[in-house]
Amino acid sequence: MPLSLSLGLAMALLAVGLHAIAASRRAGCTRQVYGVSLAVCIILLGMALAHLLGGRTPITLTLPIGLPWLGAHFRLDALSAFFLIVVNLGGAVASLFALGYGQHEKTPERVLPFYPAFLAGMNLVLLADDAFTFLFVWEFMSLSSWALVMAHHREPANARAGYLYLVMACFGTLALLLAFGLLAGPDGGYDFAAIRAAQATPGAAALVLALALAGAGSKAGLVPLHVWLPLAHPAAPSHVSALMSGVMTKVAVYGFIRIAFDLLGAPAWWWGGLVLALGGITAVLGVLYALMQHDLKRLLAYHTVENIGIIFIGLGLALAFQANHMYANAALALTAALFHIFNHSLFKSLLFLGTGAVLTATGERDMDRLGGLIHPMPWTALAFLIGAAAISALPPLNGFVSEWLTFQAILASPELPQWPLKFLVPAVGALLALSAALAATCFVKAFGITFLGRPRSPAAAGARETDRYSLVALFVLAVLCLLAGILPGLVVDGLSPVVSVLNGGARLTAQSSQPWLTLVPVVDVKSTYNGLLVLLFMAFSGTGAALLIHRFASAAARRGPAWDCGFPEASPATQYTAGSFAQPIRRVFGSVVFQARERVFMPPPGDLRPARLEVELHDPVWERGYAPIITAVVALSSRFNAFQYLTIRRYLSLVFGALVLLLLGMVLWR
Amino acid sequence: MALTADYGVQGCQMLLTLLLAPLLTGFVRTLKARLLRRRGPTPLQPYRDLLKLLRKDVVLADSASWLFRVAPYLIFAAIWVAASLVPTFASGLPFSWTADLIAIVALLGTARFFLALAGLDVGTSFGGIGASREMMIASLAEPAMLMMVFTLSLLAGTTELSAVARFMLNADVGLRVSLALALLALLMVAIAENARIPVDNPATHLELTMVHEAMVLEYSGRHLALIELAASLKLLLYLSLTACIFAPWGMATAGAGPLDYLVGVVAYLAKLATGGLLLALFETSIAKMRVFRVGEFLGAALMLGLLGTLLLFVSRSL
């Protein structure tokens, strides 16, 4: 029953999309589309929650559509229920936000039809239970999100982003297509149940894993396949950016988990090593890229890459543990990864929606033209601050809990017998620690330059607080970030059915029975964390200090000009900017990773030209990985271009020659 | 009854850290002055400064926001909670399981996050320079610290400080290469995190390389008092942490008699005095380094920590 209802609701979303094609210009259509999306997402969210927390058995359904001999299979199990929660929570909040934000859209006819379709696509991917349906809805999801990326297609940067996205999405789907082809085997058992029953040979399984990493990883933003993500996610309207970054990347991770943990059978130890290494590199490179940005949305998009890296570190550890039959530790690593998936969907959506509010208020997303927004937009600033602190893994918020669990999983890994893993895991631990610390720097920059200081442009000075719908959406997410941070035991318990499905029945011990809801992941290690008590202690000592000081010492405050060591400078241009804030990091890390060079041009005395500081950055992945491929493709196609302008005689002789060659080949092969 | 006594001891520890922190700072200052053949202020001077600051009006810059006013309380709360979760004179106190060492490091991160934001809030170039450099230092110091935590936890099998202290009291721990590396990494991080020479100079106000003082330049009155107190608490925290992990001798265990607690307190005071003396000696014997050399300094700490961890991944006996 829940499954057919979910499918019906997804169809309803599609119908709303169709309706919006006709009606998008009409007044009130924005409200209708987002209102219906909100309602559908809430129903789906409730249903998925009931399924997961109720501990129900998987439900399957086969519809006589799709390939005639296969039909369309759908299935709702604990894993899809968890991801349905992630998708529909994000979808509901984004729709709520869009009830206000969508009013400012200049071309609603390019957004409204595709938005519900995109939501429906993501939901269907999670429910699909055969390879054909999966790939079909996966591609549907890609294309509908591509249409949303191209919503403001007249900006040249967006057109390029859309093109790159399309190419990478095709590549990803191709890789998944091949992976499913290998999984299905020569008999064509495309049904997931048949794939699960069949055992792939080690060679084929290795190939499938690599293809799944390429396919799902390119959608999720795994380095080096991330290049499209920081261009495409910011190009879409902000609520869609929130969905793409906060939710669609998770659907991609779902694809990887489904293939690697569910369909593929027992892992080999080096799978874990491969995934771990990729995750570690992705985490650090993602945050370093993010630090170099001054476009707020692009910074957030690069930061998604980092978080995907953290998730994949957890998944890689889980694979390594499973390969060595250490299921208790694998449960810890999987819980960490799934918890981080949930967390990231919360705070990344929050941050993108907050950026949307800033964009509405100022029309700017370049941090160097913002500043001081905390004065006109105090509530947006507070919500964004909570999101920034959560994503920087600061206790007592939720980001810290999942990183803490990941660290605990790393600390459980010296028992892994394989030597390469013994060297790899601590190195990945160092990379994870580095990326966590850099993330804090990144978000001090994002929040500090955007919201604090003095306005750097008239647009920032004239900003106004955003509308009610948007504020409610922001605070729903902010409160969830706090709750997941102080009550992590409940989330871990909610995740345990998913972990047990993926992990051969092993799961973490129930956390909700612990005193004070302390998080005790592994009983015999006795490492514990209690976010609730940390929050209470902090609240107690902070407010206690404030009350005592105000009562007994002094409560007087007056305003005056800034002191600034006696040299205050009135111009807001003298403040630190995004680039100058990142300069020390650029000096320390950028000179190696990005070959960053700074050149100062100082005119001689008497010369009236201004002094200039030029920074040169290189993107190593693009320049070493993609640029040669592009050059090769362009060179080859210009070489083959000659074939477009042949005479009919030459074409005929070409065809004749090819035929003779092929026939000769046939004869020789025989 | 025993439970109440335990909570009482926990409360004592919280108060003790709070009351001792300014004394430690004053003690180090006096020692440094004496080493430079100056007379210097009494060790009690920080208390007087704090009381004076608390009674003064706050002067807020025109462009300061609500965050600027909230941040000192948040920073103070985060650091005080972190400092009171480090076992000082007794281990295994009732709330010792609230946060392990990773969480304590992260709590310090919370304080730093808000301090850096407060530095950016007024929109002056000094605040910006302080915040950006502080975050650069932290981005290297925090992973180095975590690698040190990894090393410890691989040996002790836990990241909880009370359990680590109990483990280190064990006779069969012995001298280990990995522990030496971890100690070195911890000391280097402690120097950087507390803005001491050679990374930063706690005594300077007008120098372009200053980091911590630049961030808090706009603070005055009670806000400044809280931030100064938090800085003292942080120094105390790092000394207690080093003592708790690498010199846990004399520490009482939970539920012990009053005499044990007394011994624990005396031992703790002796450890703090030793630590303060060593810090003063070190600081007077070395010059400050250029700010961009800090990257290399902390990079070395990170590598030491990683090396310690790697050694333990390879063999538990190293």
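Which residue, with a positive phi, follows H10(A)? In this predicted model, the residue that follows H10(A) is Gly265(A), with a phi near 85°.

**Figure 1. Helix H10 of chain A, residues 238-263, and the residue that follows it.** The helix has 26 residues and spans 35 Å from its first C-alpha to its last, which is close to the 38 Å expected at 1.5 Å a residue. A kink of about 35° is centred on Met244(A). Because 25 of its 26 residues are buried, H10(A) is largely enclosed by the rest of the structure.

**Figure 2. Chain A as the setting of the helix.** Chain A holds 24 helices and five strands, and its C-alpha atoms fill a box of roughly 95 × 70 × 60 Å along the principal axes. Its radius of gyration is 26 Å, in agreement with the value near 26 Å that a compact globule of 670 residues would have. Buried residues make up 55% of the 670 residues, and among contacts in chain A with a separation of 6 or more, 80% are between residues 24 or more positions apart.

**Figure 3. The contact between chain A and chain B.** Chain B contributes 76 residues to this contact and chain A contributes 73 residues. Several elements of chain B each supply at least two residues to the side that touches chain A, including helix H2 (45-55), strand S1 (58-61) and helix H9 (221-246). The most comes from H5(B), which gives 17 residues, and the residues on this side of chain B divide into 47 nonpolar, 18 polar and eleven charged.

Figure 4. Strand S3 of chain A, residues 557-560, runs parallel to S1(B) and is joined to it by four bridges. Within this pairing, Ala557(A) has Val58(B) as its bridge partner.

**Figure 5. Two cis peptide bonds in loops of chain A.** The bond from Val223(A) to Pro224(A) is cis, with omega near 5°, and Pro224(A) lies in the loop between helix H8 (202-220) and helix H9 (229-235) of chain A. A cis bond also joins Pro395(A) and Pro396(A), with omega about 5°, and Pro396(A) is placed in the loop between helix H14 (378-391) and helix H15 (398-411) of chain A.

**Figure 6. Positive phi at Cys565(A) and at Ala195(B).** Most residues other than glycine have a negative phi. Cys565(A), which is not a glycine, has a positive phi of about 60° and lies in the loop between S3 and helix H21 (578-581) of chain A. Cys565(A) is partly exposed, with 16 other C-beta atoms within 10 Å. Ala195(B), also not a glycine, has a positive phi of about 55°, and Ala195(B) is buried, with 21 other C-beta atoms within 10 Å.

How values were computed
Residues are numbered from 1 along each chain as its sequence is written. Chains are lettered from A and ligands numbered from 1 in the order in which they are written. This is a predicted model: local features need pLDDT of at least 70, side-chain atom pairs count only at pLDDT 80 or more; totals for chains, interfaces and linings use all residues. Two residues are in contact if their C-beta atoms, placed from the backbone, lie within 7 Å. Ala, Val, Leu, Ile, Met, Phe, Trp, Tyr, Cys and Pro count as nonpolar, Asp, Glu, Lys and Arg as charged, and the others, Gly among them, as polar. Two strands pair if DSSP finds at least two bridges between them. The expected span of a helix is 1.5 Å times one less than its number of residues. The bend at a residue is the angle between axes fitted to the seven residues ending there and the seven starting there. A residue is buried if 20 or more other C-beta atoms lie within 10 Å of its own, exposed if 12 or fewer, and partly exposed in between; C-beta atoms are placed from the backbone. The radius of gyration is taken over C-alpha atoms; the globule rule is 2.2 Å times the number of residues to the power 0.38.
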